[in-house]
Amino acid sequence: MSGQRFLTPVLKEGFLHKQGAVRKSWKRRYVVLTTNFVYYFKKDDDAEPAGCIPLDSVIAVAVCDPPPKKREFVFAVETSLRVYLFQA
């Protein structure tokens, strides 16, 4: 389904939880990893992403240890602009 939305190959896709930037609540997001970007959508059939992370701006990716309160399998994607938290 998502292969038609992207010009570059889709490497992985599926649902993750993402922590909001302003309100620190966790939301379920459909995440698509391509060769150049990580896109995240509010729903898997949305035409436009809610946001994207250019992979060339990623400084580090790391498992959160210890994880945020009452969360497991959390990892951080750090860019120069912000740190994105995702939960698998």
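## Strand pairing

Strands β3 and β4 run antiparallel and are joined by 4 bridges; strands are DSSP runs of E with at least two residues, numbered from the N terminus, and two strands pair if DSSP finds at least two bridges between them. Within β4, C52 is the bridge partner of Y39. The model is predicted, with local features requiring pLDDT of at least 70 and side-chain atom pairs pLDDT 80 or more, whereas totals for chains, interfaces and linings use all residues. Residues are numbered from 1 along each chain as its sequence is written, and side-chain values use heavy atoms, leaving out hydrogens and water.

The 7 strands form an open sheet in the order β4-β3-β2-β1-β7-β6-β5, with antiparallel pairing. At its edges lie β4 (51–54) and β5 (58–63), each pairing on one side only. From one strand to the next, the twist averages 30 degrees (axes are lines fitted to C-alpha atoms, and angles run from 0 to 180 degrees between N-to-C directions).

## Nonpolar core

L16, V31, V38, Y40, I53, V77, Y84 and F86 make up the largest nonpolar core, of 8 residues. Such a core is a set of buried Ala, Val, Leu, Ile, Met, Phe, Trp, Tyr and Cys residues joined through side-chain atoms within 4.5 Å, where buried means under 20% relative accessible area with a 1.4 Å probe, protein chains only. Two or more of its residues come from each of β3 (37–41) and β7 (83–87).

## Arginine 29

R29 belongs to strand β2 (residues 26–34). R29 is buried but has no salt bridge (a side-chain nitrogen of Lys or Arg within 4 Å of a carboxyl oxygen of Asp or Glu). The nearest side chain of opposite charge, D46, is 7.4 Å away; Lys and Arg count as positive and Asp and Glu as negative, with His and the chain ends not counted.

Definitions and conventions
Buried < 20%, exposed > 50% of the residue type's maximum accessible area, 1.4 Å probe, protein only.
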